[in-house]
Amino acid sequence: MKNEPINILLIEDSPLDAGLIMEMLHKVKKFSFNLKQVNQLSTGMACLAEEGFDLVLLDLLLPDSLGLDTFDKVFAQAPDLPIIILSIVEDERLSMKAVENGAQDYLFKGEMDGNLLVRSIGYAMMRKKAQKELEEALHEKEILLKEIHHRVKNNLQVVCSLLYLQESYFEDEKYKNFFEDTQSRIKSMALVHDKLSHSKSLSHLNFAEYIKDTAAALLPSYKAPDKIKLSMDVKDIELSIESAVPCGLILNELISNSLKHAFPGGEGGEIRLKFYRDAGQQIILLVSDNGVGFPKDLDFRKTISLGMKIVNLLVNQLSGTIALDRAEGTTFKISFPELLFQPKGTI
Ligand SMILES: Nc1ncnc2c1ncn2[C@@H]1O[C@H](COP(=O)(O)OP(=O)(O)OP(=O)(O)O)[C@@H](O)[C@H]1O
Ligand SMILES: [Mg+2]
């Protein structure tokens, strides 16, 4: 318990009750306090707005406010302050409701004595201290988590730089491409951690923003980026890290494929991205292009190439499904549940 005096605001219009309460408090040896008494709710509210208090003792029946409404108004103004209600009404239902609404305690004036009041104030101060410590610990954890996401992103960027340096030792375009593809995959994971380090919750990120950034980052890899029309219809949906990493990698593979394979002559075309929640609460990611179309003789579920293999593996990791529509160009539709799930395995 803190040693400095506890600053108490007493909102009580009855001079008799106020005098009694002050007398009770003056007898207390356990802690010292500064007490300010006002006899109207409006004056009390003004004091709360201007001065710092540790606790409020509140009578519910005041000249300018009656009943639980009085408490609700004070609580709305000072939700972090412990408020102990001192009431002449002995009503179980009312006291339950008051505590439910956030009151620290509800004391019936008829049975109140110094010990009861002091004990209630003591609990309130202890609770306030514990809450403050908890909030500080949580804040520290949040900072730590932010820092971890930031460091993971930085480390992934270092891996990318190493691959970039290694790439320069190869002359052959084929091998250079391998390195570039791997860098692109690592970057897509780094972007998840980057977004998480800036997100409010630190565990979920706005995937719409992620999609926009990924598309913008990949577009320059096409030989004539200004010939690609990118259209996006993406809804603001938050994904957890467990969904965001696989979903981000899938997006990366499918956009890369459209840029690499759909418009082979450099003629350009349109790439459309959609991201939404369907009526059945499944998350849908659609990546489509109006290019030459996915090869008819190729089963996208059984390619020997790495890109589609990764996509299929990750769809499975998301407990999702994938469908290919060749009606116009290439459209891949990925559906997956938004549930919190244990990943089936990671790559
Ligand atoms: N949008 C598309 N339009 C036309 N063909 C496509 C499209 N996407 C994929 N393909 C074809 O499917 C093949 C398999 O794709 P996949 O991503 O598995 O391999 P890749 O892109 O050739 O190489 P990587 O393993 O680096 O991704 C591609 O080689 C290409 O022929
Ligand atoms: Mg590919």
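Is K195 buried or exposed? K195 is buried, with a relative accessible area of 16%. Buried means under 20% relative accessible area, exposed over 50%, and partly exposed in between, with a 1.4 Å probe and protein chains only.

This is a predicted model, in which local features need pLDDT of at least 70, side-chain atom pairs count only at pLDDT 80 or more, and totals for chains, interfaces and linings use all residues. Residues are numbered from 1 along each chain as its sequence is written, chains are lettered from A and ligands numbered from 1 in the order in which they are written, and side-chain values use heavy atoms, with hydrogens and water left out.

**Around K195**

K195 sits in helix α6 (residues 173–198). Helices (H or I, at least four residues) and strands (E, at least two) are DSSP runs, numbered from the N terminus. Leaving aside residues up to four places away in sequence, K195 touches L205, E209, Y210 and D213. Contact here means heavy atoms within 4.5 Å.

**The sheet**

Five strands build an open sheet. Their order is β2-β1-β3-β4-β5, and the pairing is parallel. Two strands pair if DSSP finds at least two bridges between them. The edges are β2 (33–38) and β5 (105–108), each of which pairs on one side only. From one strand to the next, the twist averages 20 degrees.

Take one pairing. Strand β3 (residues 55–59) meets strand β4 (residues 83–87) in the parallel sense, over four bridges. D59 has L86 as its bridge partner in β4.

Helix α2 (residues 41–50) packs on this sheet. The helix touches β1 (6–11), β2 and β3, and its direction makes about 155 degrees with that of β1. Axes are lines fitted to C-alpha atoms, for helices over the stretch in contact, and angles run from 0 to 180 degrees between N-to-C directions.

**Two crossing helices**

How do α1 and α5 cross? The axes of helix α1 (residues 15–26) and helix α5 (residues 114–167) come within 9 Å and cross at roughly 75 degrees. That makes α1 roughly perpendicular to α5. Angles under 35 degrees count as roughly parallel, over 145 as roughly antiparallel, 65 to 115 as roughly perpendicular and the rest as oblique. I21, M24 and L25 of α1 make the contact with G114, L117 and I121 of α5.

**Aromatic pairs**

The whole structure holds nine aromatic pairs. Rings of Phe, Tyr and Trp (its six-membered ring) pair if their centres lie within 6.5 Å; planes under 30 degrees apart count as stacked, over 60 as edge-to-face and the rest as tilted. Here are two of the pairs.

| Pair | Centre to centre | Angle between planes | Type |
|---|---|---|---|
| F170 and Y175 | 5.9 Å | 40 degrees | tilted |
| F207 and F275 | 5.2 Å | 50 degrees | tilted |

F207 lies in helix α7 (residues 207–218) and F275 in strand β9 (residues 269–277). They are 68 residues apart, so this pair links distant parts of the chain. Both F207 and F275 are buried.

F170 is partly exposed, at 31% relative accessible area. Y175 is partly exposed too, at 37%. F170, Y175, F178 and F179 form one aromatic cluster.

**Cysteines**

How many disulfides does the structure hold? It holds zero. A disulfide is a pair of cysteine sulfur atoms within 2.5 Å. For C247, the nearest cysteine sulfur is that of C160, 20 Å away. C247 counts as buried, at 1% relative accessibility. C47 is buried as well, with a relative accessible area of 7%.
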